Amino acid sequence: MGMSTPVHSFEVTTRDLEGLPDARGDSVKLMFESNYGVDVGAVRVILGYQIRATLTSEEAERVVYDLFADPVIERGSVDSPLLDDKSVFPDSPQIVIATGFKPGVTDNPAQAALDGLTTLYPDAGAAGDVATTMTYLFWGVPEDVEEKWLADQLHNPMIERAAIATRIH
């Protein structure tokens, strides 16, 4: 087979700055309040992009801010989970729900990312393999709210899958 093309994982989240809302997280929090009367405390969102492409580590580091993240208001990472970075998330979330498209489903954000990447690096040889994920981090979820119920409100099971993790107490 020869050398296989590596898959790079890019992640982006809003910086936790005074006066800077996490617009994605806030809209999820608001959705739970207005649609279901559930106050989930706080929500932050991590956008993930998994791309099969031949990039040097320098190129990959550049891509995260050239393509995915606004360096002023967002933190980006390459091949290292933001969730593990205590400078980004000092307090572990209570519940983590990751959603992504099922194989074979058209992933428009992924296609846009791939187009951007091949524009920046025509030689990256992006194999057309790209996937996006949305990871929702929750703090202060009421005890009577089931994780699975939260996940069901956050994704369409016909075209997406969800994975749930909870903090071990």
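I call a residue buried under 20% relative accessible area, exposed over 50%, and partly exposed in between (1.4 Å probe, protein chains only). The model is predicted: local features need pLDDT of at least 70, side-chain atom pairs count only at pLDDT 80 or more, and totals for chains, interfaces and linings use all residues. Residues are numbered from 1 along each chain as its sequence is written, and side-chain values use heavy atoms, without hydrogens and water.

**Helix H1**

I took helices (H or I, at least four residues) and strands (E, at least two) as DSSP runs, numbered from the N terminus. I looked up which H1 residues are buried: Gly25, Val28 and Phe32. They cover an arc of only 60 degrees around the axis (directions from the helix axis to the C-beta atoms), so they sit on the same side of H1. Ala23, Leu30, Ser34 and Asn35 are exposed on the other side.

I found strand E2 (42-52), strand E5 (130-139) and helix H4 (147-154).

Then I looked at the ends of H1. Asp22 caps the N-terminal end, with a side-chain oxygen 3.2 Å from the backbone nitrogen of Arg24. Just after H1, Gly37 has a positive phi of about 65 degrees.

**Strand E4**

I turned to E4 (residues 95-101), where five of the seven residues are buried. For pairing, I required at least two DSSP bridges between two strands. E4 and E5 run antiparallel, joined by six bridges; Val96 has Leu137 of E5 as its bridge partner. E4 and E6 (residues 160-166) also run antiparallel, joined by seven bridges. Here I noted Ala162 of E6 as the bridge partner of Thr99.

Notes: Contact means heavy atoms within 4.5 Å. A polar contact is a pair of N or O atoms within 3.5 Å; within protein, one must be able to donate a hydrogen and the other to accept it, and residues adjacent in sequence count only if both atoms are side-chain atoms.
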